[in-house]
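Thank you all for making time this morning.

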Amino acid sequence: MKTVPTFHLKRSITMTNQHSEAVSPEQRHLMIAEAAYYHAERRGFQERDPIADWVEAEKEIDAMLRRTPIPTKEKTAKEIFEDHLETQLKEWDKQISGWKRKAKKVDGDIRRNIDAQLEMHRAQRVTAQNKLKELRQGGAHGWEEIKDGAEHVWNEIHQTINRIAEHFR
């Protein structure tokens, strides 16, 4: 089964002008439901309350919608996808930076585990940055093939970020 990252949902957002809402309440509800499903799927539908998945998804979607700029022209799905990938990388960079500072205060096996996962993230981030560059350089046609590879890389990074986050919860 192919997993689709939550940011994939952003492509469904359409905005017409500065005075219109980004999404209707019904669209928001559907986005949250889909995101909650993917949260549960990523953890194998194990060991968590579905309400917690919903709350987490709701926070994620609301944050995403607050960050969504209202374009003066309608963006293509490719442009929206590229913008979201870049925004996600910046957010992860902030998280990782904070965790690096916290990790310096930890000793022993936990520190080695965190360091190993941070190193894995660094390598994944380079791959992700290259995928984003490849996507931006590609034309409007054929970008779907590149997008699939980018989504795969983003899923891997998301899993690594979640593993690192577990050490700080």
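This is a predicted model: local features need pLDDT of at least 70, side-chain atom pairs count only at pLDDT 80 or more; totals for chains, interfaces and linings use all residues.

I will begin with how the model was treated and then turn to the fold.

Residues are numbered from 1 along each chain as its sequence is written, and side-chain values use heavy atoms, with hydrogens and water left out.

Let me start with the whole chain. The protein chain has 5 helices and 0 strands, where helices (H or I, at least four residues) and strands (E, at least two) are DSSP runs numbered from the N terminus, and the pattern read along the sequence is α-α-α-α-α. Of its 169 residues, 37% count as buried, by which I mean under 20% relative accessible area, with exposed being over 50% and partly exposed in between, for a 1.4 Å probe and protein chains only. If we take contacts, meaning heavy atoms within 4.5 Å, between residues at least 6 apart in sequence, then 75% of them join residues at least 24 apart.

Helix 1, residues 25-42, packs on helix 2, residues 50-67, at an angle of about 125°, and their axes are 8 Å apart; here axes are lines fitted to C-alpha atoms, for helices over the stretch in contact, and angles run from 0 to 180 degrees between N-to-C directions. That angle makes helix 1 oblique to helix 2, since angles under 35 degrees count as roughly parallel, over 145 as roughly antiparallel, 65 to 115 as roughly perpendicular and the rest as oblique. The crossing of helix 1 with helix 2 is right-handed, which is to say that the near helix is turned clockwise from the far one by less than a right angle, anticlockwise being left-handed. The residues of this contact divide into 11 nonpolar, 2 polar and 6 charged, with Ala, Val, Leu, Ile, Met, Phe, Trp, Tyr, Cys and Pro counted as nonpolar, Asp, Glu, Lys and Arg as charged, and the others, Gly among them, as polar.

Is Asp53 buried or exposed? At 3% relative accessibility, Asp53 counts as buried, and, leaving aside neighbours within four places in sequence, Asp53 is in contact with Ala36, His39, Ala40, Arg43 and Arg48.

Next comes helix 3, residues 77-103, which packs with helix 4, residues 108-137, at an angle of about 160° and with the axes 11 Å apart. The two helices are therefore roughly antiparallel to each other, and their crossing is left-handed. The residues of the contact of helix 3 with helix 4 divide into 11 nonpolar, 2 polar and 10 charged.

Helix 4 itself has 30 residues and reaches 44 Å from its first C-alpha to its last, close to the 44 Å expected at 1.5 Å a residue, the expected span being 1.5 Å times one less than the number of residues. Its buried residues are Ile114, Gln117, Leu118, His121, Gln124, Ala128, Leu132 and Leu135, and what covers them includes helix 3 and helix 5. An α-helix has 3.6 residues a turn, so residues three or four places apart point the same way.

How do helix 3 and helix 5 cross, and at roughly what angle? The axes of helix 3 and helix 5, residues 143-166, come within 11 Å and cross at roughly 20°, so these helices are roughly parallel to each other, and the crossing is again a left-handed one. The residues of this contact divide into 14 nonpolar, 3 polar and 3 charged.

Trp92, in helix 3, is a residue I would ask you to find on the screen. Trp92 is buried, with a relative accessible area of 4%, and, not counting residues up to four places away in sequence, Trp92 touches His121, Trp154, Ile157, His158 and Ile161. Trp92 and Ile157 are 65 residues apart in sequence and 9.0 Å apart in space, C-alpha to C-alpha.

Asn155 counts as buried at 10% relative accessibility, and Asn155 and Arg42 are 113 residues apart in sequence but 9.1 Å apart in space, C-alpha to C-alpha.
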